[in-house]
Amino acid sequence: MTNPQTPHTITSLRNRPAWAALNEHFSELRKMHLRRLFAGDPQRAERFTLETLGLYFDYSKNRITADTLRLLVELAEQSGLREHIDAMFEGDKINVTEKRAVLHVALRAPKEEQIFADGADVVPEVHAVLDKMSAFAEQVRSGAWKGHTGKRIRNVINIGIGGSDLGPVMAYEALKYYSQRDLNFRFISNVDGTDFVEATRDLNAEETLFVVCSKTFTTLETMTNAHSAREWLLKALGDENAVARHFVAVSTNTAKVEAFGIDSANMFGFWDWVGGRYSVDSAIGLSTMIAIGPEQFHAMLSGFHAMDEHFRTAPFERNLPVLMGLLVVWYNAFFDAQTVAVLPYEQYLKRFPAYLQQLTMESNGKHVTLQGEPVDYQTGPVYWGEPGTNGQHSFYQLIHQGTKIIPCDFIAFAQPLNPVGNHHDLLVANVLAQAEALAFGRTAEEVTAAGTPEWLVPHRTFEGNRPSTTIVAARLTPEMLGKLVALYEHSVFTQGTIWQIDSFDQWGVELGKVLAEKIIPEFAAGDELPLNHDSSTNALIRQYRKLRRAK
């Protein structure tokens, strides 16, 4: 089929009829309070709740009506969302600027499915890599894989950056309950030497395995850390042959992997149609598979696939990722909401908001359309958050009584993984209470009736009308984690399609890297070397040289 993201196929956003209708609708709805919306519709909670795939998705506390939802769905239809979804699953090159397919959905497709890229079914390749990962993971987990001196591996360190770090560390932390506890897992990403030193300082090199994740095996930060790891290992073991027993690679560059000293038999590949921030379920997740085992890793893939199929087939008005994405567009465009808070009430999901920051902001932080024209509307909002209840004693004050509208996603589970007294009831009670307080607030009359002195009433009044969505599931499992990650992946896709931007490139990360490569040799040069940056950068380079010499 013709690529649906080519510039001529979709009317510009502001010229779509549904956009004009939403503008008019917003002028009527903007001052309507959630108290009134709930009071006028006793069935509102049921009307704006969707239960599927083990997820209870309550979006009734959003500032919407049935008309809002209808118009947003019309906007999705007029934006070609259905065609875009089909194109992704069919392997069309919807990453326009890099001329690549976008097929992270193939990473979790069952063996019997067929998904094509450039005319070839990629599913057999995916499962060949998964089988190779599984065999290696079982060797490490069982102790069959020995280090150079014959000792079993007890420490696994993932070296990567961006999606090659945020994905594995998020998934490991989220599924730590299911991990093999006689293995120790650490993650190195920052080129700051402290990250490497603190990750390795108390480890025995004889018992340590490094998983180096770099598609090209040239990523500056990753390879800097990998070479430091190599030096650390050889300093302890003194034999170049040890590298092959203590390093494996997730890469596609066989020549550079072998030059490093890694046996290419222990290289796990992936493909150009996998973006880094969508790669946690590829070989990039090898450290996660070692931690939780192949069976649980495949359960996570099943969760991803279930959400993929839901996204692909469900009507938009009953489609979880579509609804989530449409709500982001609604608040971003019409309420001028600059951020989205993701608030998981589950300590194991402590790295989930950080993971979503890359997924959402690297994907939709774009200022031009697919035609290369500047957008005249807001695109990707800032995503942020912390696990509850920590955030309540930090930033919730601003969400409740500040001057900014911050839509919130609350995530909760009914069954604790670690039951301790009444902790979990207290935790979940806080989820429900926060969402209720944000929606309905407390009026001056209610505060006064509670006996508050008149002078204190304004300070204790809560405006309410702050939107939130609450997602509840029975239990955090590998399968459920897959569903949650895919939910946000496809929400991002929905948003980008409506904004008519490329959600799958990331040119914005390149310029700083290029300039850093220029600056590095200038640090070591003498003061006589002319500097050709702006006056501020030139002065900072000179100051850095001065302070380095003074140590």
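Axes here are lines fitted to C-alpha atoms, for helices over the stretch in contact, and angles run from 0 to 180 degrees between N-to-C directions. Helices (H or I, at least four residues) and strands (E, at least two) are DSSP runs, numbered from the N terminus. The model is predicted: local features need pLDDT of at least 70, side-chain atom pairs count only at pLDDT 80 or more, and totals for chains, interfaces and linings use all residues. Residues are numbered from 1 along each chain as its sequence is written, and side-chain values use heavy atoms, with hydrogens and water left out.

The axes of helix α1 (residues 17–29) and helix α4 (residues 66–78) come within 9 Å and cross at roughly 160°. That makes α1 roughly antiparallel to α4 (over 145 degrees). Contact means heavy atoms within 4.5 Å; on the α1 side it is made by residues including W19, L22 and L29, and on the α4 side by residues including L71, L72 and L75.

Elsewhere, an open sheet of 5 strands is ordered β6-β5-β7-β8-β9 with parallel pairing, where two strands pair if DSSP finds at least two bridges between them. β6 (184–188) and β9 (267–268) stand at the edges with a single partner strand each, so one side of each has no neighbour in the sheet. Strand β5 (residues 155–159) contains V156, and 5 bridges join β5 to the parallel strand β7 (residues 208–213). V156 stands opposite L209 in β7. V156 is buried, with a relative accessible area of 1% (buried means under 20%, with a 1.4 Å probe and protein chains only). Helix α9 (residues 220–237) lies across β5, β6, β7 and β8 (247–250), running at about 160° to β7.

Technical notes
Buried < 20%, exposed > 50% of the residue type's maximum accessible area, 1.4 Å probe, protein only. Parallel < 35°, antiparallel > 145°, perpendicular 65-115°, else oblique.
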